[in-house]
Amino acid sequence: MDDLVGLAVIVILVVVAGAICGLIALVQLNGLKQEVAVLRAKITHLQTHKSISQSEPQSEASTAQAALSRSEPIAHKAQPSLTSQNASPPVINQLSAPPKKAKPAEASAIELLFNKLRAGFEENWMTWIGAIALAFGGIFLAKYSLEAGLLSPVMRLSLGGLFGLGLIAAAAYLHHKRIVFEGFNNYIPAALASGGFITCFALTLLAYSSYDMLSPTVAFFALAIIAISASAMALRLGPLLAVLGIISAYSVPIWVNTGSGNLFTLFMYVGFVSLSAALVAHKVQRAWLWYLLWAGHICWYLVGFTLLKVNTVWLMGAFALLSIVGLIAIPRLGLKLNVIEHRPHSLKRLIKVLPDHALLLAFIAPLIFTMLISHFDMQWQAIGVLSIVLVLFLVLKNSRWDIWQGVALVISTLLVLGAQRTHLSPNLFDDALFIFKNEYGLGLLLGLLLTAFGLYYGKKQIKRLAFHITGAFSAFVMIATLYTHIPNSALSTAYPLWAVALFVVAAILIKCAQHNTTLFQRFTYWVGANANITLAITMLLSDSGLTIALAVQVLLISVLIKRYNVPMPYWPIKALVAALLLRLTLAPWTPSYDALTVFGLHWSIVVYPLCISLFFAAAKCFDSSKLKIWLEGAALHCLALFITTETSYQLVGHYPQFDSLNFYEQILLTCNWLALGGVYLHRAKLAGTLAKLYKVAGFALAGLAGLFAIKTLLDDNPLFESLYIGELPIFNWLLLLWLVPAGLTLWLAKLVKPINAKATPFILAVAGGFILLAINSFIRQYWQGPYIYLSKGASNAELYSYSVIWLVLGAGTVIFGHLKNQLLIQKVGLGILAAVIVKVFLIDMANLEGLLKALSFIGLGLSLVGLSWLFQKLRSRVNPV
């Protein structure tokens with residue numbers, strides 16, 4: 001079966017190679033056809049202008065002879081024209097000169113490499129397919145001999161070894177006999193050698209893992225000898241042998257799978273393959289060899305996590321750290337790690353150090369993630385600490401890796417979190433010395449050590465800013481991590497020690513800030529000192545104290561930027577503000593904040609107004625910048641949260657529960673969100689690049705307010721249900737239910753008009769509906785009291801009052817429209833008057849009889865005549881003849 005598989009693989013390779021060659025030939029043929037067409041066009045062009053090129057000298061000669069026969073004045077007149085002709089190149093020179101060839105575009109390194117590989121494959125494709133077939137044949141032969149039991153194990157391995165050595169010997173002989181070589185084009189010896197080395201690799205691993213014929217030491221040296229020999233021969237025969245050797249060597253564990261799950265054997269094999277491949281890649285200076293090496297090494301490293309057991313944790317950690325040294329440090333720093341670089345680099349350049357950052361994360365991230373999801377013990381703790389030490393050691397060797405200090409700080413934080421998750425127990429805090437044990441002792445120790453590391457080397461190498469950042473913020477980050485996880489009952493024990501540590505570090509940072517030279521150094525130390533002091537003060541307060549501390553930190557950073565004129569990027573402040581806004585947004589619906597108080601008051605009464613003030617104060621530190629708009633938007637968001645949450649809390653004793661809002665909460669949220677929507681739309685005019693965000697937020701809030709208004713109108717309408725609206729006229733819940741939303745809707749229509757003029761009439765109609773409901777409800781509340789539902793009926797006096805009031809309002813609307821010369825307002829007023837007349841005829845006068853009915857009609861007629869005279873008088877003043 002394996003023979004058939006191998007044969008199928010070879011056939012497929014032949015077919016694919018043939019297809020590639022055919023495609024390449026077709027492309028080349030099309031290119032030749034285009035070149036022939038271009039040459040024909042050039043020949044035709046030259047033949048066409050040949051006669052002109054021959055006749056041009058005769059015409060020039062006749063012209064010169066005619067000029068000599070003319071008089072001198074005429075010659076002087078002709079001189080300018082001759083000069084102008086001589087200023088341009090002769091026609092014959094233009095026609096006889098060969099056409100200029102366009103400068104060919106320089107091919108990239110990838111195109112040159114592809115063309116070189118394509119040319120080599122076109123000439124030697126059969127050789128390489130034969131080499132691949134030999135390699136597969138050696139592997140299948142070893143596997144088949146294992147399963148069929150044809151020969152004894154010693155005989156099988158001996159024959160396979162002789163086969164591999166024979167291929168290597170043949171390759172060496174052919175290479176020795178070849179006298180003339182061109183670069184690395186000796187393909188046939190390279191192909192034979194690659195098959196021989198793959199066979200030797202497979203058989204050595206088979207003898208060690210399946211037959212136990214070799215001890216670990218012997219297998220170790222055997223694989224080392226094979227790897228070194230392959231590297232040495234690859235140096236002589238070229239990088240293409242190295243490519244095939246690397247790919248095949250990394251694939252051997254797949255073809256010869258013993259199923260034992262021996263992680264040590266796997267890593268030993270992968271390590272030696274990587275070592276030999278690294279030597280070859282370093283010698284021949286081919287970047288793509290490094291890519292193959294990294295891909296194969298990292299893939300088997302990740303596979304190793306699937307075989308991880310409790311007793312192999314140290315093996316995973318050792319392999320990861322050695323891989324960092326072998327694949328990152330040694331290529332950059334040399335074998336003795338003595339290539340040292342201390343010059344400072346900009347943040348932009350530090351971020352773009354590739355592939356070093358990607359390789360470090362590829363080895364560290366899976367290791368730390370596995371540590372977090374596994375049981376935390378001394379093995380993982382030792383691996384984490386060794387990782388930190390290695391990363392910081394490499395930072396001292398090369399300043400291009402300064403950003404790795406942040407990686408060390410992240411690993412320290414994750415170590416503390418992993419220990420906290422594992423060692424957390426109810427009896428842990430009974431001992432007052434818990435602050436020196438487990439995660440608390442580890443976190444404090446790591447924070448102080450990293451702070452000392454950053455301050456010490458920051459003093460020695462002043463221009464490397466990463467050292468200053470590490471020294472300024474390490475203690476803050478580690479103690480803040482511990483603070484977020486410690487129970488409130490145990491904080492009183494830990495606070496004195498943490499506060500002393502924070503204040504001492506802050507004092508050192510302030511002292512350092514007075515003796516540093518650059519603005520960035522002083523700024524970093526000042527911000528770090530403020531952060532430590534703020535955290536120490538925060539721990540005295542409740543959970544909301546951290547929110548206040550972060551807001552104060554935003555203001556302090558803004559003040560420092562303005563004072564020292566530091567040209568720092570704005571994204572760190574934006575990230576801090578975004579995290580703070582997220583915390584403020586989620587806090588009202590977090591259970592731990594339900595009964596939280598600050599200075600004896602509910603937390604939202606203190607925290608939200610304070611944050612609003614701090615954000616506005618921070619915004620004033622920046623003149624006409626995007627950060628100013630960002631901070632003002634943060635203040636508006638806090639204002640929206642304050643209005644939304646505090647009104648409901650003061651009304652019903654808890655924050656809004658949107659799935660169970662009562663009548664009064666809906667009224668408040670409608671007014672709040674409609675007002676905030678208008679504020680956001682107004683801010684959109686000045687927001688610059690954030691205008692779209694403000695518009696989306698404004699329309700979203702206005703839409704939510706509209707939904708609550710519709711819900712109130714249909715489900716919780718005091719005109720249809722028995723709902724208490726208040727005793728006082730006008731100053732009752734009807735004011736917020738319909739009149740305030742009417743005014744806000746008119747303002748919204750004004751804001752929406754420049755954005756979408758077609759939506760303005762609809763919004764004005766909604767505002768008119770609010771006004772209609774508000775006025776009628778006020779009239780009914782005056783007569784009916786706190787309950788105005790319609791089923792109670794209405795007295796004649798109430799009905800007459802509707803007519804009188806709306807008659808006055810309609811007349812006033814018409815007069816106002818005439819004064820402002822607004823036809824729409826006039827039409828609205830006339831419509832109101834028409835509706836009043838219809839009501840008077842159909843409702844008010846329906847029950848009148850006799851003299852009262854006559855007097856009512858007479859009064860109505862006189863009123864209409866008087867209004868008509870008044871309108872004509874106003875029209876004549878507005879539009880004089």
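Is Tyr-694 buried or exposed? At 6% relative accessibility, Tyr-694 counts as buried. The close-ups below come from a predicted model.

**View 1. Tyr-680 and Tyr-694, a tilted aromatic pair.** The structure holds 21 aromatic pairs. One of them joins Tyr-680 to Tyr-694, with 5.9 Å from centre to centre and 35° between the planes. Tyr-680 has 9% relative accessibility, so it counts as buried, being under 20%. Tyr-694, at 6%, lands in the buried class too.

**View 2. Glu-665, a buried residue in helix H25.** Stay with H25 and look at Glu-665. Which residues does Glu-665 touch once its neighbours within four places in sequence are set aside? They are Ser-648, Leu-651, Val-652, His-654, Pro-656 and Ser-660. Take Val-652 from that list: it sits 13 residues from Glu-665 in sequence, and the two C-alpha atoms are 8.1 Å apart in space.

**View 3. Helix H14 and its buried residues.** Helix H14 covers residues 356–373, and its 18 residues should span 26 Å at 1.5 Å a residue. The end C-alpha atoms are 26 Å apart, so the model agrees with that expectation. Buried residues in H14 are Asp-356, His-357, Leu-359, Leu-360, Phe-363, Ile-364, Pro-366, Leu-367, Ile-368, Thr-370 and Met-371. As a reminder for reading such a list, an α-helix has 3.6 residues a turn, so residues three or four places apart point the same way.

**View 4. Ala-362, a partly exposed residue of H14.** Ala-362 is also found in helix H14. Its relative accessibility is 22%, which means it counts as partly exposed, since buried requires under 20%. Skipping residues up to four places away in sequence, Ala-362 touches Ile-298 and Tyr-301. Ile-298 is 64 residues from Ala-362 along the sequence, yet their C-alpha atoms are 7.3 Å apart in space.

**View 5. An aromatic cluster that includes Tyr-301 and Phe-363.** Tyr-301, the contact of Ala-362 in the previous view, turns up again here in one aromatic cluster. The members are Phe-267, Tyr-301, Phe-305, Phe-319 and Phe-363. Phe-363 is one of the buried residues of H14.

**View 6. Lys-792 over the ring of Tyr-789.** To finish, here's a lysine over an aromatic face: Lys-792 lies 5.6 Å from the ring centre of Tyr-789.

Notes: Residues are numbered from 1 along each chain as its sequence is written. This is a predicted model: local features need pLDDT of at least 70, side-chain atom pairs count only at pLDDT 80 or more; totals for chains, interfaces and linings use all residues. Side-chain values use heavy atoms; hydrogens and water are left out. Rings of Phe, Tyr and Trp (its six-membered ring) pair if their centres lie within 6.5 Å; planes under 30 degrees apart count as stacked, over 60 as edge-to-face and the rest as tilted. Buried means under 20% relative accessible area, exposed over 50%, partly exposed in between (1.4 Å probe, protein chains only). A charge sits over a ring if NZ of Lys or CZ of Arg is within 6 Å of the ring centre and within 35 degrees of the ring normal. Helices (H or I, at least four residues) and strands (E, at least two) are DSSP runs, numbered from the N terminus. The expected span of a helix is 1.5 Å times one less than its number of residues. Contact means heavy atoms within 4.5 Å.
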